[in-house]
Amino acid sequence: NDAMREYYLGCIYYYLLLNDVKKHYEYTHRYLFLIEKNEYYIIENPSIYITAICNFLMASLNLNMWDDRFQNALSKLDDLYHHAPYKEYETEDIKALLFARLHINKLLYHEKAGQYDKTLKMIPVIEQGLEKHKFRINHRLHAILQFNLACNYIGLENYRMANHHFNFAK
């Protein structure tokens, strides 16, 4: 399983670098399926499972595929954050990672779908979560969250708030 996992990861990054979005999507789906078949990765190393879900979500968004598979993967991420299935998911670091990844993907989904109004309810939750997890969310994920908040504010034509979040994305 480790060899297959490494092979799929190699393919994921290879096709990402080639900008072959269809193959990238295909291998992120295969990778997620492989991880979900092996509980070891889900239980013992949550970051592998979280990354697999997020890679699949990003590949889906790149293809504008918001089908049942996408919604199911987003729901899994939401469930992991709100209802930790194993003690490994209850650590503060994993909670912060799940918070950031979940909200990045939700913001991107609404942004791609042009549903900026649906992000209004999320914004206070995101801002509270950023404050709660501020010492655990790495700078890259923090910047991505702030950037996506800014993009959503642009979609809402609230340029003052967009500028505010662009300044925090530094």
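**Salt bridges, helix pairs and loops**

User: How accessible is K76: buried, partly exposed or exposed?

Analyst: K76 counts as partly exposed, because its relative accessibility is 23%, and the cut-off for buried is under 20%. Keep in mind that this is a predicted model.

User: What does the K76 side chain meet in a salt bridge?

Analyst: The partner is E36, with an N to O distance of 2.5 Å. K76 sits in helix 5 and E36 in helix 2 (residues 21-37), so the bridge links distant parts of the chain, 40 residues apart.

User: And how accessible is E36?

Analyst: E36 has a relative accessible area of 27%, so E36 is partly exposed.

User: How many salt bridges turn up in the whole structure?

Analyst: The search finds 8. One of them joins the side chains of D93 and R136, at 2.9 Å from N to O. That pair also links distant parts of the chain: D93 is in helix 6, R136 is in the loop between helix 7 and helix 8, and 43 residues separate them.

User: Where do D93 and R136 fall on accessibility?

Analyst: D93 is partly exposed at 46% relative accessibility, and R136 is partly exposed at 44%.

User: What about R5, which side chain does it meet?

Analyst: R5 meets E6 in a salt bridge, 3.2 Å from N to O. R5 counts as buried, because its relative accessibility is 13%. E6 is at 45% and counts as partly exposed.

User: Switching to helix packing. How do the axes of helix 1 and helix 2 sit relative to each other?

Analyst: The axes of helix 1 (residues 2-18) and helix 2 come within 8 Å and cross at roughly 155°. That makes helix 1 roughly antiparallel to helix 2, because angles over 145 degrees count as roughly antiparallel.

User: Which hand is the crossing of helix 1 and helix 2?

Analyst: Helix 1 passes helix 2 in a left-handed crossing.

User: Now helix 6 and helix 7, how do their axes cross?

Analyst: Helix 6 (residues 92-113) and helix 7 (residues 122-132) have axes that come within 11 Å and cross at roughly 155°. So helix 6 is roughly antiparallel to helix 7. Helix 6 passes helix 7 with a left-handed crossing.

User: Why give both an angle and a distance for each pair?

Analyst: Because two packed helices are described by the angle between their axes and the distance between the axes.

User: Staying with helix 6, where is E92 and how accessible is it?

Analyst: E92 lies in helix 6. Its relative accessibility is 42%, so E92 counts as partly exposed.

User: How far apart are E92 and F135, in sequence and in space?

Analyst: They are 43 residues apart in sequence, with a C-alpha to C-alpha separation of 10.0 Å.

User: On to the backbone. What is the phi of N64?

Analyst: N64 has a positive phi of about 55°, and N64 is not a glycine.

User: Where is N64?

Analyst: N64 is in the loop between helix 4 (46-62) and helix 5 (68-82). With a relative accessible area of 45%, N64 is partly exposed.

User: What about the phi of E157?

Analyst: E157 is not glycine, and its phi is positive, near 60°. E157 is found in the loop between helix 8 and helix 9. E157 counts as exposed at 59% relative accessibility, because the cut-off for exposed is over 50%.

User: Which residues make the nonpolar surface patch?

Analyst: F147, I154, Y159 and F166 make a patch of about 380 Å². Two elements give two or more residues to the nonpolar patch: helix 8 (139-155) and helix 9 (159-168).

User: Take F147. Which helix is it in, and how accessible is it?

Analyst: F147 is in helix 8. Its relative accessible area is 42%, so F147 is partly exposed.

Key: Residues are numbered from 1 along each chain as its sequence is written. This is a predicted model: local features need pLDDT of at least 70, side-chain atom pairs count only at pLDDT 80 or more; totals for chains, interfaces and linings use all residues. Side-chain values use heavy atoms; hydrogens and water are left out. Patches are made of residues with over 30% relative accessible area and no salt bridge: like charges are joined within 9 Å, nonpolar side chains (Val, Leu, Ile, Met, Phe, Trp, Tyr) within 5 Å. Accessible areas come from the Shrake-Rupley method with a 1.4 Å probe; for residues, only the protein chains shown count as cover. A salt bridge is a side-chain nitrogen of Lys or Arg within 4 Å of a carboxyl oxygen of Asp or Glu. Helices (H or I, at least four residues) and strands (E, at least two) are DSSP runs, numbered from the N terminus. Buried means under 20% relative accessible area, exposed over 50%, partly exposed in between (1.4 Å probe, protein chains only). Axes are lines fitted to C-alpha atoms, for helices over the stretch in contact, and angles run from 0 to 180 degrees between N-to-C directions. Angles under 35 degrees count as roughly parallel, over 145 as roughly antiparallel, 65 to 115 as roughly perpendicular and the rest as oblique. A crossing is left-handed if the near helix is turned anticlockwise from the far one by less than a right angle, and right-handed if clockwise.
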